[in-house]
Structure formats: structure tokens, C-alpha cells
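Below is a short report on one protein chain.

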Amino acid sequence: MLPRPVRRAFAFGALALAGGPLFCEANAQIVPGSPGPPPPRPERPETRPPAAIEGERYEPIGVQVGGFRLFPVLELNEGFNDNVFATTASSGQTPSFIQIIKPGLELRSTWSNHMLNFRATGAFAFYTAAAIQNYQDFSVGTDGRIDIQRNWNVYGGLSFNRQHEDPGTPNTVSGVNSVTIYNQSSGNVGYYQKFNRFSGKVDFRTDYYSYYDNGQGLAQGVVPNTERDRTELRESVRFGYEFINNYEIWVRGSLNQRLYDNQPDAAGFYRNSSGWELVGGFTIDVGGLTTAEVFAGYLQQNYVDSRFQTVQGPQFGLAAYWTPLKELWIKPYVKRTVNEAAFVGDSGYLGTSFGVEVDYKVLPNVRLNGRGDYSIADYQASPSAGTTNRYDQYYLFQAGVMYSPIREFFVGPQYQYIYRSSNQPGLDYGQNVILLRLGARL
């Protein structure tokens, strides 16, 4: 097992590289002039016998298979969506019941050195009143790490994912349309080494997106799916310095290239681009109870087609994990990314999200969970298109309860509300989704 600073660096680095929200831990204060961080909050000594402690464990333990541990799960969901196509109330809304089948297998190594994991998951949804939105998502992948020395290793991973775009999310057409389905093939490789208090990491990632034709095209104001196929490459270098134990400052620079298979697209635009990002950050880990990473810098995406505007601006992010109580964890996050746009004449959009996730163990076998998120999709339209930049705001609220009568089974309701506000007419919508989750696991 690697020391906590190395494990932390890998977790944060991989999430930051992917451009997704960073989930770490937050909230530790340093009093000016103090010798260091406050000590971890002391836990109450455990005086119960081992059998009593084990009787209150409801997390899956898996099945030992040689040097691995296998975690199988099967979840069946019955849901109701009151606005399947994410349309305005004035244009008419389609409600539908949904049945979702979610199998999964995860195989994790249990070695003292090195690491190798495999996974296979699926999500198959069937709409009773909107069959054109049925989808069959699945993902298979592997990731691993070779430990050269204590603070020196190489790592990598491969995955294949079949996914879909939900109506109402960025880049989807408004109204009753067939679901957009695409394949994503991903791979990454990296190198990490720490010298005393200095650390360095180099990472390379590639993603290939291949879309299925669903009949959408220029008449609906979007680039046809058959012309959205592309390769995205990303190279990143990070250097850090741990000036106090578990307190690190760092700087990261990255480049990216986005290369489309078909150039120009059906509207005559060349969508290839390249970009860069330079950020500096600060990471803390206080006794495993509180961890946080915050960073800021600048990003820019430049397009081959001179009619496209450069997407640029401040870059910033936050990833935190805070456990103020033993039964409670809180994950605030902030993220900003440059994303490809599927609308005709738009080069891309700058996505910014602010949110928090909460999980509270009311009883050993009863958990409450919630999430709140505010996101912005700021599109960059070509001046030659003669239109104003589209600006969408998303508000999300989610809450659920999970009850485990025994370790191997879980059941519980979940509620989600999404509202989109746009500066373009006819794109505002509200959506309520209710799910009843039932699952079995080992």
C-alpha cells in the first residue's frame, strides 16, 4: 500500500486530468503563526466485541478470488419522468414510466504492491410511453499501477463505453427526438515519482468518440451525429512541493488536441482545435478526516476555422471531502471545462459547475444522500452566424434514502429535479424524476 500523499496525488491528478469534478475533502484551517495543522478529531474508543461490530457492517465485502476480490451487483429501478423530452410546458410534455436494469461486476486486486482492477457495468432503460428514448449503456475497462519503488510508479488504463445523451442536457435537440448514442474508447498512461518533498507526474490520455446516426441534422440546427466523430488527446505535467506533511503546493500545465474525422462539417466549418491550460493549486489532507484541493489559472482553446471565436478565460476548481461527524461526509466541488458544441456555428461552450454532495448514515443500515448543483453552459457562436451566444443555466436537486435489511440487499426511493433557464426562446424546462431502487450485491 502506498503512503497517503501518493494515493492522494493519484486520485486528484486523475480526476483533474479528466476534466471532471474533483471529489476530495475540504475544510481545514491554519491559524497564522501556528506550527501546523490542527490534530485530527479523536474518535471514541471502540469497546464492543468484534462480532457486534461486524453485525453493523452493511457495506459490500465481495468474494475472494485468488489475489482479487470480486464485487457483483444487480440493481432494478422503477421510475417516473414527468417530462421525458425536456420540453416547455407550453409545447406539451411527455410523461413516462421507466424500467432500468443495472448489472455490474468489479474485480479489485488485493496485493500489497502494484494494482490491477477490472470492471463491467451496464444500464438498460425502457420507457413505456417514449420508446425512442430507450438506451443500452455499458462500460468495460481496466486500470493498473506498477510500483517501482515506494514513491515511484507507472500507471494506466483502458476502457470502452457505450453511452447516451439525455434530452435537455447540453448539445441535445429540443423536442421529441430519438436518443443520441455514442461510443467512447479511452486510454491513459502516466508516470509518478516523489523526491523527498518534491513530486512530479506526467500523464497522457486519448479518447475517441463515435456517434450513431439518429436522423438529426442541419434542419434542426445541429451538426449531424455522423460528423461528430473525433479524437481528443491530452498531455499533462504536474510538479508539487510538500512544504508541511500533507500540505502541498503544485503547478500543472496541459495541452490538448481535438481532431474530427470529417472536415469540414456539413455546414462548412472546420471544427479541429487545440488548447492549453496552466493552473496552480494547494492540497491538504488532515488525518484522513478532511482533504481539499483548490486551484486557479487560465485556459484557452484555439480553432482552425477563423470564423470560430477563441474560448478562453480563468480556470479554477475545488475538490473536497469533509467528515465533520463519523456518520457524515460532505463533498463540495467546483469545475470548469471547455467542451465541444454540436450546434451549427458554435465552436464550443465553457462549462462551469458548483455543487455539493452529502451522505449521512442515520443508522448502520439506513443512509440519506443528497446533491445540489448549479451549472452554466456558455456557448461561443461564430460572428458570421449572426446570432447571440446561447447561455444556459441548470439547477439540480437530488435526494434519496437507502435501506439495507441485510448486507446483500438494498432498497430505497430517490427524487431528482432539474430546471434549465436559457437566453434563447423555447428552451426553458423543468423535470421531475422519481425512482425506486432495488438491488442485490455481495
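Buried means under 20% relative accessible area, exposed means over 50%, and partly exposed lies in between (1.4 Å probe, protein chains only). By that cut-off Gly175, at 18% relative accessibility, counts as buried.

This is a predicted model: local features need pLDDT of at least 70, side-chain atom pairs count only at pLDDT 80 or more, and totals for chains, interfaces and linings use all residues. Residues are numbered from 1 along each chain as its sequence is written, and side-chain values use heavy atoms, with hydrogens and water left out.

**Overall layout**

The protein chain has two helices and 19 strands. Helices (H or I, at least four residues) and strands (E, at least two) are DSSP runs, numbered from the N terminus. Of the 442 residues in the chain, 46% are buried. The accessible surface comes to about 21,200 Å². Carbon and sulfur atoms hold 62% of that surface. Accessible areas come from the Shrake-Rupley method with a 1.4 Å probe; for residues, only the protein chains shown count as cover.

Contact means heavy atoms within 4.5 Å. Among contacts with a separation of 6 or more, 59% join residues 24 or more positions apart.

**Gly175 and its surroundings**

Gly175 sits in the loop between strand E6 (152–165) and strand E7 (180–195). Leaving aside neighbours within four places in sequence, Gly175 is in contact with Phe85 and Thr87. The C-alpha atoms of Gly175 and Gly92 are separated by 9.4 Å. Along the chain, Gly175 and Gly92 are 83 residues apart.

**Nonpolar cores**

A nonpolar core is a set of buried Ala, Val, Leu, Ile, Met, Phe, Trp, Tyr and Cys residues joined through side-chain atoms within 4.5 Å. The largest one has 12 residues: Ala86, Val173, Val222, Ala341, Phe343, Tyr349, Ala377, Tyr379, Tyr394, Leu396, Ile418 and Tyr429. Strand E16 (366–381) and strand E17 (391–403) each supply at least two residues of this core. Another core lies apart from it, with 10 residues, including Val84, Ile100, Ala130 and Leu435.

Ala86 belongs to the largest core. Beyond its neighbours within four places in sequence, Ala86 is in contact with Pro167, Gly168, Tyr429 and Gln431.

**Aromatic rings**

Rings of Phe, Tyr and Trp (its six-membered ring) pair if their centres lie within 6.5 Å; planes under 30 degrees apart count as stacked, over 60 as edge-to-face and the rest as tilted. The count comes to 21 aromatic pairs.

Phe269 and Phe308 have ring centres 5.0 Å apart and planes at 15 degrees, so the pair is stacked. Phe269 lies in the loop between strand E10 (247–260) and strand E11 (273–286), and Phe308 in the loop between strand E12 (290–303) and strand E13 (311–325), so the pair ties together parts 39 residues apart in sequence. Both Phe269 and Phe308 are buried.

Phe343 and Tyr379 form an edge-to-face pair, 5.4 Å centre to centre with 65 degrees between the planes. Phe343 is in the loop between strand E14 (328–340) and strand E15 (346–363), while Tyr379 is in strand E16, 36 residues apart. Phe343 is buried at 10% relative accessibility. Tyr379 is buried at 0%.

Phe316, Phe354, Tyr374, Tyr395 and Tyr419 form one aromatic cluster.

**Charges over rings**

A charge sits over a ring if NZ of Lys or CZ of Arg is within 6 Å of the ring centre and within 35 degrees of the ring normal. Arg230 lies over the face of Tyr209, 4.5 Å from the ring centre. The charged end of Arg238 sits over the ring of Trp250, 4.1 Å from its centre.

**Salt bridges**

A salt bridge is a side-chain nitrogen of Lys or Arg within 4 Å of a carboxyl oxygen of Asp or Glu. The whole structure has 18 salt bridges.

| Glu59 | Lys361 | 3.4 Å |

Glu59 lies in the loop between helix H2 (50–55) and strand E1 (63–65) and Lys361 in strand E15, so the pair ties together parts 302 residues apart in sequence. Glu59 is partly exposed at 33% relative accessibility, and Lys361 is partly exposed at 24%.

Asp147 and Arg145 are both buried. Glu340 and Arg258 are both buried too. Glu340 is in strand E14 and Arg258 in strand E10, 82 residues apart. Arg234, Arg252 and Glu277 are linked in a network of salt bridges.
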